[in-house]
Amino acid sequence: MSGETRPRRPTSALVTPASPESTTPAPPAPTTREKRPFLLDFFPLETSDQTRLARFFDRLREGRVATTRCPKDDLLLWPPRTACPRCHTETLEWVDLPEEGRIYAFSAVLGGAPLGMEADVPFAVGLVDLGGVSLRLFGRLVGRAWNELHVGLPVRLEPYDIGDGRWFYRFRTQS
Ligand SMILES: [Zn+2]
């Protein structure tokens, strides 16, 4: 202990009752970026020792956006699953999704962005109907400013490198 004394915060109805740990002075604010807590992380863990859906992310690295399909039910599943929600089989196949789609709805993030995305504000997110399949995917929309988007605009589904070893997908407007 440093012996440093700090003024105690006034208590209020909103303060959680003190536990023995909470009487310890708080450490100084970190000067470096903290490791993101997983539950607040926009992107999931991707390796095979972390998820049974690692093949989804492996395919993104190959330039493909894929999902699972139940051959027994002829059911295309999104997001990718480890078991069919209808027949419960775990014998699913991986299929690539169509790349072309059109914006069904969109919105702009003008504030309150998720951790790690604060510098991207403003940015657009939306729902996209993929061509030829009955799937409507949610994702980030890039390629045009959010106020230049419109419903029905053609977009292309693309994998992208987050930059920390992980990959995800997003939609890019087609000019
Ligand atoms: Zn099934």
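Leaving aside neighbours within four places in sequence, A105 is in contact with G126, L127 and V151 in the predicted model. A105 belongs to strand β4, which covers residues 100-109. The C-alpha atoms of A105 and H150 lie 8.0 Å apart, although 45 residues separate the two in sequence. A105 counts as exposed because it has 12 C-beta neighbours inside 10 Å, and a residue with 12 or fewer falls in that class.

Strand β4 is part of a closed barrel of five strands, in the order β4-β5-β6-β8-β7, with mixed pairing. On average, neighbouring strands of this sheet are turned by 50° against each other, direction ignored. Helix α1, residues 54-61, packs on the sheet and touches β7 and β8. The direction of helix α1 makes about 55° with that of β8.

Strands of a sheet pair through backbone hydrogen bonds, in either a parallel or an antiparallel manner. Both arrangements involve strand β8, residues 167-173: β8 runs parallel to β6 and antiparallel to β7. Strand β6, residues 136-142, is joined to β8 by two bridges. Between β7, residues 154-161, and β8 there are seven bridges. F171 in β8 is the bridge partner of L141 and also of L157. D161 stands opposite W167 in β8.

Strands β7 and β8 form a hairpin, with five residues between them. In the turn of this hairpin, G163 has a positive phi of about 105°.

Technical notes. Residues are numbered from 1 along each chain as its sequence is written. This is a predicted model: local features need pLDDT of at least 70, side-chain atom pairs count only at pLDDT 80 or more; totals for chains, interfaces and linings use all residues. Two strands pair if DSSP finds at least two bridges between them. Helices (H or I, at least four residues) and strands (E, at least two) are DSSP runs, numbered from the N terminus. A residue is buried if 20 or more other C-beta atoms lie within 10 Å of its own, exposed if 12 or fewer, and partly exposed in between; C-beta atoms are placed from the backbone. Two residues are in contact if their C-beta atoms, placed from the backbone, lie within 7 Å. Axes are lines fitted to C-alpha atoms, for helices over the stretch in contact, and angles run from 0 to 180 degrees between N-to-C directions.
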